[in-house]
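I open this notebook page to record what I looked up in one structure. The entries go from the overall fold to single residues.

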Amino acid sequence: MRKVYTPETAAAGVEEAFQLIGGRWKLIILFHLFGGNVRRYSDLERLIPGISQKMLAQQLRGLEADGLVSRTIYPQVPPKVEYRLTEWGQSLCPALDALLAWAERRNGAIAPAPPGAVEDAAVVGDRNEETAARP
């Protein structure tokens, strides 16, 4: 049976999910590992310009601790370490694909309104209340 959410429990669940994948780099790392891709540390470092070695190591450790990424260490010199998504990490792919499709609909289907053409209903409502409250 599926869990029934209230607005409060749903917000808490979404917050918990975003903590797993939040931050500047985690989603980028995940996208490089989707589809069964196996990447070495140096591959990820090359594929993600701008990330420091320290930050990449921290993010990979966090993703591993959360069960999204697995790390395989091969006993050789120099050490060879590979990263791949766990089954649970790979199951995130459809959700992120849906998020991308959602963003494409916003960027492709809705052209920005000219300045001043349409106001947000909440803003208009706030202004009307302020005007009505004035003596």
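The entries below follow the order in which I looked things up.

**Entry 1. Ground rules.** I worked on a predicted model, in which local features need pLDDT of at least 70 and side-chain atom pairs count only at pLDDT 80 or more, while totals for chains, interfaces and linings use all residues. Residues are numbered from 1 along each chain as its sequence is written, and side-chain values use heavy atoms, with hydrogens and water left out.

**Entry 2. Elements.** I listed seven helices and three strands in the protein. Helices here are DSSP runs of H or I with at least four residues, and strands are runs of E with at least two, numbered from the N terminus. Read from the N terminus, the order is α-α-β-α-α-β-β-α-α-α.

**Entry 3. Totals.** I noted 135 residues in the protein, of which 19% are buried (under 20% relative accessible area with a 1.4 Å probe, protein chains only). I then turned to contacts (heavy atoms within 4.5 Å). Of those with a separation of 6 or more, 50% are between residues 24 or more positions apart.

**Entry 4. The sheet.** I asked in what order the three strands lie in the sheet. The sheet is open, with the order β1-β3-β2 and antiparallel pairing. β1 and β2 are at the edges with a single partner strand each, so one side of each has no neighbour in the sheet. Two strands count as paired if DSSP finds at least two bridges between them. Strand β2 (residues 69-74) and strand β3 (residues 80-85) are joined by six bridges, and a hairpin of five residues connects β2 to β3. Strand β1 (residues 39-40) pairs with β3 over two bridges.

I also recorded bridge partners. Ser-70 is partnered by Arg-84 in β3. Glu-82 of β3 is the bridge partner of Thr-72, and Glu-82 is also the bridge partner of Arg-40.

**Entry 5. Helix α1.** I checked the length of helix α1 (residues 7-21). Its 15 residues should span 21 Å at 1.5 Å a residue, and the end C-alpha atoms are 21 Å apart, which agrees; the expected span is 1.5 Å times one less than the number of residues. Just after α1, Gly-23 has a positive phi of about 105°.

**Entry 6. The largest pocket.** I found a volume of about 510 Å³ for the largest pocket. A pocket is an open set of points on a 1 Å grid over the protein atoms alone, where a 1.4 Å probe fits, with protein on both sides within 12 Å along at least five of seven lines; lining residues have an atom within 4 Å of a point. The volume is the space filled by probe spheres set on the points, which are joined across faces, edges and corners. The lining has 17 residues, and Ala-17, Phe-18, Ile-21, Leu-92 and Ala-95 are the closest to the centre. α1 and α6 (93-109) are the elements that give two or more residues to the lining; α1 gives the most, with eight.

**Entry 7. Leu-63.** Beyond neighbours within four places in sequence, Leu-63 contacts Leu-20, Lys-26, Ile-29, Leu-30, Leu-68 and Val-69.

Technical notes. Buried < 20%, exposed > 50% of the residue type's maximum accessible area, 1.4 Å probe, protein only.
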